Amino acid sequence: MAEQFEPKITAFVCNWCTYAGADLTGTSRIKYQSNVRVLRVPCTGRIDYMMVLKALHKGADGIIVSGCHPNDCHYTSGNYHARRRWMVFKKMMEVMGVDMRRITFSWVSAAEGARWAQLVNEVTDQVRALGPYTAFRQVVGAGVE
Amino acid sequence: MSRIGVFTCHCGENIGATVDCAKVAEMCRAIPGVVHSVDYKYMCSDPGQRMMQEAIREHQLDGVVVAACSPRMHEPTFRRAVSGAGINPYMCEMANLREHCSWVHEKGEATTNKAADLIRVLVEKVKHNEPLHPIKVPVTRTAMVIGGGVGGIQVALDIANGGHKVVLVEKSPSIGGHMSQLSETFPTLDCSQCILTPRMVEAAQHPNITLMTYSEVEKVDGFIGNFKVTVRKKARKLDEKLCTGCGLCIQKCPNKKISDEFNEGLGTRTAIYVPFPQAVPNKPVIDMKNCTFYKTGKCKVCEKMCPTGAIRFEQEDELVTLDIGAIVLATGFKLMKTDAFPEYGYGKHKDIIDGMQFERLASASGPTSGVMKRPSDGKEPKTVVFIACSGSRDRAKGVPYCSKICCMYTAKHAMLYKHKVHSGKAYVFYMDIRAAGKDYDEFVRRAIEEDEVKYIRGRVSRIYEEDGKLIVMGADTLMGGEPVVIKADMVVLATAVQSNDRSEELAQTLHVSYDSYGFFAEAHPKLRPVETNTAGIFLAGACQAPRDIPETVAQASGAAAKVVGLFSNEELTREPIVAVVNRQAAPVYSTCTGCFLCQGACPYQAIEQEEIKARDGQILMTLARINPGLCQGCGTCVATCRTKAIDLQGFSNEQLYAELMTL
């Protein structure tokens with residue numbers, strides 16, 4: 001039997017809600033799959049979606065972008081900017097033929113430790129079923145940095 | 001070439017039991033740029049920190065990654081430690097091996113590999129870190145306390161006695177909060193108003209305290225030490241300076257049948273009213289919804305009666321903007337309404353009341369002057385059933401938590417009832433008796449043993465009316481679930497404590513976190529219980545979780561101590577996590593093209609337009625400039641900038657892309 005494919009998941013999370021929520025998952029000792037690597041930014045508004053593409057290019061098979069729920073942003077409105085950009089980015093990626101099942105946009109608050117574990121597990125399972133994301137890396141080409 | 005040290009912490013067993021820390025340390029030695037990598041049992045301990053400092057000196061490290069707990073926990077600790085060894089504190093980063101790895105994954109190779117990966121990400125980041133220096137900002141030494149209950153009053157008095165100005169904002173016409181509604185308090189049975197009203201007066205007369213009653217916080221801008229708070233002063237329809245509080249207007253108001261909020265609907269009031277006789281300030285308000293003048297355009301009896309001409313029908317709400325250095329939230333709680341209980345008749349039976357209504361019935365200042373009369377017919381209830389945990393610890397009601405105060409106040413209520421109606425029978429249905437606190441258990445024992453209150457361990461499934469009696473159907477689980485039927489004259493539900501109305505809205509206005517029940521979240525459940533995650537905003541009392549009076553007052557004094565401590569600084573230092581627009585030599589000046597998309601994205605109005613002028617004064621170009629005093633470091637402008645002219649210190653493009661390259 002072939003060894004189970006273990007996808008690489010990169011998560012872009014804001015410091016105030018989702019990072020704190022993931023801390024709470026830890027404090028509550030809720031277990032989840034270990035495929036995710038978290039990148040902390042102050043706010044989802046800081047996320048330049050070029051970073052998401054860079055992560056896919058560098059070998060990520062799945063992406064999570066998560067911040068504060070609407071209205072709850074520590075910086076008032078950064079999450080709205082993130083969401084607005086996400087809508088445009090998503091459309092553009094669809095046109096380009098990027099498989100959007102690879103990229104999940106979500107909200108996880110600082111109180112939602114269990115939700116973080118659930119989100120990571122859902123994304124990991126979905127991406128595992130999809131297999132390695134070689135298509136994007138082939139299109140972009142190995143020489144592009 | 002960077003010289004980076006990696007320090008992997010076992011955190012006792014917390015990390016060490018799941019992650020092979022020695023192996024992680026060894027793996028990290030292979031990362032380019034890492035010249036020193038060790039593991040240690042407790043990195044945050046004194047010997048741990050000393051070991052780190054010695055290593056920094058010995059190996060001439062210029063960057064440090066501490067792989068331990070969450071940076072939200074110990075980043076300040078380790079930044080202080082590395083700066084003690086002579087390197088810039090912002091050259092230290094933390095990899096979160098505990099909350100994000102060892103506590104959430106099973107022991108094994110994958111977990112150890114993840115730990116090493118997490119460190120690798122941060123090592124690459126540190127390589128691109130720049131030494132940063134904290135930003136100094138002035139402090140406005142005026143505090144705002146939101147909520148004028150016992151907690152808010154205590155905070156205000158403590159800060160004011162510490163020599164600082166306080167603005168106490170209360171949404172209702174008087175300060176005093178729920179405590180002013182209580183009859184007696186547990187476990188001493190001293191009169192609530194007797195101990196509270198002197199405090200209310202003291203707060204009103206204190207030279208350092210400004211009361212803003214009948215007012216609500218509308219908008220909060222700025223940051224620790226420098227908040228700008230806009231408060232809506234709702235129109236009392238009264239010139240407070242002229243009003244002497246004589247009360248003639250209240251006596252003569254023809255509209256006397258309005259349900260009284262202070263008496264929880266058990267009494268009536270007039271359209272122009274003060275909530276209760278000891279109200280502070282003792283100045284009436286006109287209830288526009290019920291005032292005959294606002295409904296029909298005629299009446300104005302109060303205006304005619306007022307000896308000082310203080311009534312102002314045309315008065316409008318006023319918005320006041322204040323400079324505030326620190327904010328304390330003390331907005332309290334509300335009780336779940338009895339109509340949330342279909343099994344107890346949806347609050348339709350007049351004689352099924354909640355705990356606060358019982359307080360008003362028992363209070364000497366209440367609608368019955370403290371005489372036990374049931375609401376429906378005014379008769380003395382001979383049998384009263386008290387039901388604890390009405391809604392609390394009940395997932396079906398959305399309140400899985402314990403409301404904490406009900407066990408004690410139910411014992412108090414039963415006791416007060418027995419003191420007033422000696423021949424009466426009092427039954428308490430309970431799940432558990434939670435009486436942890438000084439003299440608390442003794443108090444409950446006293447209710448059971450001296451006052452002969454009958455405690456029945458079990459739930460009540462249904463209450464219905466039959467022949468003028470309330471039939472309470474329960475079970476006694478200590479008798480093997482034996483059904484118990486009691487014919488009662490009155491039933492008191494100890495309904496659940498819930499977060500106050502509009503608390504989520506207020507949290508969003510102040511940018512503080514709240515839990516799924518609407519209670520404000522503390523910065524750390526054990527070590528920072530009175531702080532929020534937003535610097536300069538503190539918590540006191542039941543707005544954070546259900547609390548009794550002693551706890552509220554203790555927490556209020558704790559919050560006040562935090563504020564006074566904050567105000568003892570001449571100026572504050574702020575994290576230098578701010579955005580900067582790059583500047584280059586002439587004739588390029590900057591890659592900023594002056595499109596100012598960033599200005600629209602900035603939530604803090606921190607982006608200014610800067611004109612670059614030639615010697616003859618001609619404007620060459622207009623560039624964005626970020627005011628570091630206003631910038632909070634969210635980085636939204638950075639992602640908005642088309643030409644990548646803006647970068648965020650501490651989370652720069654270089655740093656984040658370097659992190660991504662390790663994946």
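How many helices and how many strands are there in chain B? I looked this up first. Chain B has 19 helices and 34 strands. The model is a predicted one, and I kept that in mind for the entries below.

**Chain B overall**

I took the extent of chain B along its principal axes: the C-alpha atoms fill a box of roughly 90 × 75 × 40 Å. Of the 663 residues in chain B, 49% are buried. I then turned to contacts in chain B between residues at least 6 apart in sequence, and found that 69% of them join residues at least 24 apart.

**Helices α2 and α6 of chain B**

I looked up how helix α2 (residues 21-29) of chain B packs on helix α6 (residues 109-127) of chain B. Their axes are 9 Å apart and the angle is about 45°. The crossing of the two helices is right-handed.

I listed the residues at this contact. α2(B) brings B:Lys23, B:Val24, B:Met27 and B:Cys28, and these meet B:Thr112, B:Ala115, B:Ala116 and B:Ile119 of α6(B). By class, the contact has six nonpolar residues, one polar and one charged.

**B:Leu196**

Is B:Leu196 buried or exposed? I found B:Leu196 in helix α8 (residues 192-205) of chain B. It has 22 other C-beta atoms within 10 Å; the cut-off for buried is 20 or more, so B:Leu196 is buried.

Leaving out residues up to four places away in sequence, B:Leu196 touches B:Val150, B:Gly176, B:Met179 and B:Ser180. I checked one of these, B:Gly176, for distance: B:Gly176 is 20 residues from B:Leu196 in sequence, and their C-alpha atoms are 7.4 Å apart in space.

**Helix α4 of chain A**

I checked the length of helix α4 (residues 113-130) of chain A. With 18 residues at 1.5 Å a residue, α4(A) should span 26 Å; the end C-alpha atoms are 26 Å apart, so the two values agree.

Which residues of α4(A) are buried? I noted A:Gly113, A:Arg115, A:Trp116, A:Ala117, A:Leu119, A:Val120, A:Val123, A:Thr124 and A:Val127. I also looked up what covers these buried residues, and the cover includes β1 (9-14), α1 (18-27), β2 (36-41), β3 (62-67) and β4 (103-107) of chain A.

Last, I looked past the end of the helix. A:Gly131 follows α4(A), and the phi of A:Gly131 is positive, near 85°.

Conventions:
Residues numbered from 1 in each chain as written. Chains lettered and ligands numbered in written order. Predicted model: local features only at pLDDT ≥ 70, side-chain atom pairs only at ≥ 80, totals over all residues. Helix = DSSP H or I, 4+ residues; strand = E, 2+ residues; numbered from the N terminus. Expected span 1.5 Å × (residues − 1). Buried ≥ 20, exposed ≤ 12 C-beta atoms within 10 Å, placed from the backbone. Contact = placed C-beta atoms within 7 Å. Axes fitted to C-alpha atoms, helices over the stretch in contact; angles between N-to-C directions. Left-handed = near helix turned anticlockwise from the far one by under 90°. Nonpolar A, V, L, I, M, F, W, Y, C, P; charged D, E, K, R; others polar.
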